[in-house]
Amino acid sequence: MPDLGFVHVYQAAASPDDPTFLVLHGTGGNEEDLLPLAQSIDSRAGVLSPRGKVLERGMPRFFRRLAEGRDPAGQAGAALDINVELTGVPAALVNSFAPQ
């Protein structure tokens, strides 16, 4: 796998026909946290799990926030942007699944 610019874990799917999950941890988590969850959902699925690049009090996350409990509206879609950056899935397709 090419360098993605993120510390990450990648586990290939059992076969090309099996899905690959992109899993994004919460604040203070890391790229290992959701691997058991992905495995429990589909043991044959691949997993791409990046670590958030933003640090908040030393804890990784995917976007900065203005204050405790206040996530900037302009960054609320950061997870979708990360999906596009890591997977190359067109933004229009990813955004079609975003809450309106």
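The model is predicted; local features need pLDDT of at least 70, side-chain atom pairs count only at pLDDT 80 or more, and totals for chains, interfaces and linings use all residues. Residues are numbered from 1 along each chain as its sequence is written, and side-chain values use heavy atoms, with hydrogens and water left out.

**Fold and surface**
- The protein has three helices and five strands; these are DSSP runs numbered from the N terminus, helices being H or I of at least four residues and strands E of at least two.
- Their order along the sequence is β-β-α-β-β-β-α-α.
- Contact means heavy atoms within 4.5 Å. Among contacts with a separation of 6 or more, 57% join residues 24 or more positions apart.
- Accessible surface is about 6,400 Å², with 55% from carbon and sulfur atoms; the method is Shrake-Rupley with a 1.4 Å probe, and for residues only the protein chains shown count as cover.

**Confidence**
- Mean pLDDT, the predictor's confidence in each residue from 0 to 100, is 76, and 63% of residues reach 70 or more.
- Helix H1 (residues 35-41) is highest, at a mean of 93, and helix H3 (residues 91-95) is lowest, at 44.
- Residues 90-100 stay under 50, and the model has nine contacts for them beyond four places in sequence.
- Where pLDDT is low, the predicted coordinates should not be read in detail.

**Nonpolar core**
- A nonpolar core is a set of buried Ala, Val, Leu, Ile, Met, Phe, Trp, Tyr and Cys residues joined through side-chain atoms within 4.5 Å.
- The largest one holds five residues: Val 9, Val 23, Leu 35, Ala 38 and Val 47.
- Not counting residues up to four places away in sequence, Val 23 touches Leu 34, Ala 38, Val 47, Leu 48, Ser 49 and Pro 50.

**Buried loop residues**
- Asp 18 sits in the loop between strand E1 (8-11) and strand E2 (20-22). Asp 18 counts as buried because its relative accessibility is 17%.
- The Asp 18 side chain makes a polar contact with the Arg 44 side chain at 3.1 Å. A polar contact is a pair of N or O atoms within 3.5 Å; within protein, one must be able to donate a hydrogen and the other to accept it, and residues adjacent in sequence count only if both atoms are side-chain atoms.
- His 25 lies in the loop between E2 and H1 and is buried, at 6% relative accessible area.
- A polar atom of the His 25 side chain is 2.9 Å from the backbone nitrogen of Gly 52.

Methods: Buried < 20%, exposed > 50% of the residue type's maximum accessible area, 1.4 Å probe, protein only.
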